[in-house]
Amino acid sequence: MDKVRFGRALGYGARHAAKSLAQAVDAATTPAPAGAGRPAGTATVVGGGSAGGSGNSAVRQDAAARVAAAARGVAQAKAGSQELKRSVMAPVKAFTSVVWLQVTGTFFTLMALSLGSGLWKLRDALKQPMESREAQEFYVCAAMFLLFAYFAVSNFARAKKRERMGRR
């Protein structure tokens, strides 16, 4: 047999084996309807016309066993990747949430300090009547200072709480 004919025969056999394997995988992964022996729409793998049906059924059973083993391997790989994702990403997620709370807490602290400086400059406005512009600016600045101070303290408290929960 020359190289060309051998290559064609080998290619045909490989394509036919791949199609048979794909059909076997489809048949193995499709759930069977209640009361039916075989899933609907699955094709029967037919042998190449050789005599002796027992040889073909042995090949089919061997292929089905390999497909089932491959399916179990895929399921185990998926479960392993999910476990790896949980074991790696959970600490990263906890760490980044703590860092994010600390960064935003720092931002709120800087804003509160800036507003505190403004409050100090407007401290003489407390002697003015409530209707004066300076007094109103002081009270608005004080409200904003309290709001940003609350956010700063609460963010750092939440970060500390999450950090403690992550250590357990």
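Helices here are DSSP runs of H or I with at least four residues, numbered from the N terminus. Helix α2 spans residues 53-121, and Gln 102 lies in it. This is a predicted model, with local features needing pLDDT of at least 70 and side-chain atom pairs counting only at pLDDT 80 or more, while totals for chains, interfaces and linings use all residues. Residues are numbered from 1 along each chain as its sequence is written, and side-chain values use heavy atoms, with hydrogens and water left out.

Gln 102 comes out as partly exposed, at 33% relative accessibility (buried is under 20% relative accessible area, exposed over 50%, partly exposed in between, with a 1.4 Å probe and protein chains only). Its C-alpha atom sits 6.6 Å from that of Asn 155, 53 residues apart along the chain. Setting aside neighbours within four places in sequence, Gln 102 touches Phe 156 and Ala 159 (contact means heavy atoms within 4.5 Å).

On to the rings. Those of Phe, Tyr and Trp (its six-membered ring) pair if their centres lie within 6.5 Å, and planes under 30 degrees apart count as stacked, over 60 as edge-to-face and the rest as tilted. That rule gives five aromatic pairs. Phe 107 and Phe 108 make a tilted one, because their ring centres are 5.6 Å apart and their planes stand at 55°. Of these two, Phe 107 is partly exposed at 46%, whereas Phe 108 is buried at 19%. Phe 138 and Tyr 139 pair edge-to-face, at 5.6 Å centre to centre and 75° between the planes. Here Phe 138 is buried at 12% and Tyr 139 partly exposed at 38%.

Definitions and conventions: Helices (H or I, at least four residues) and strands (E, at least two) are DSSP runs, numbered from the N terminus.
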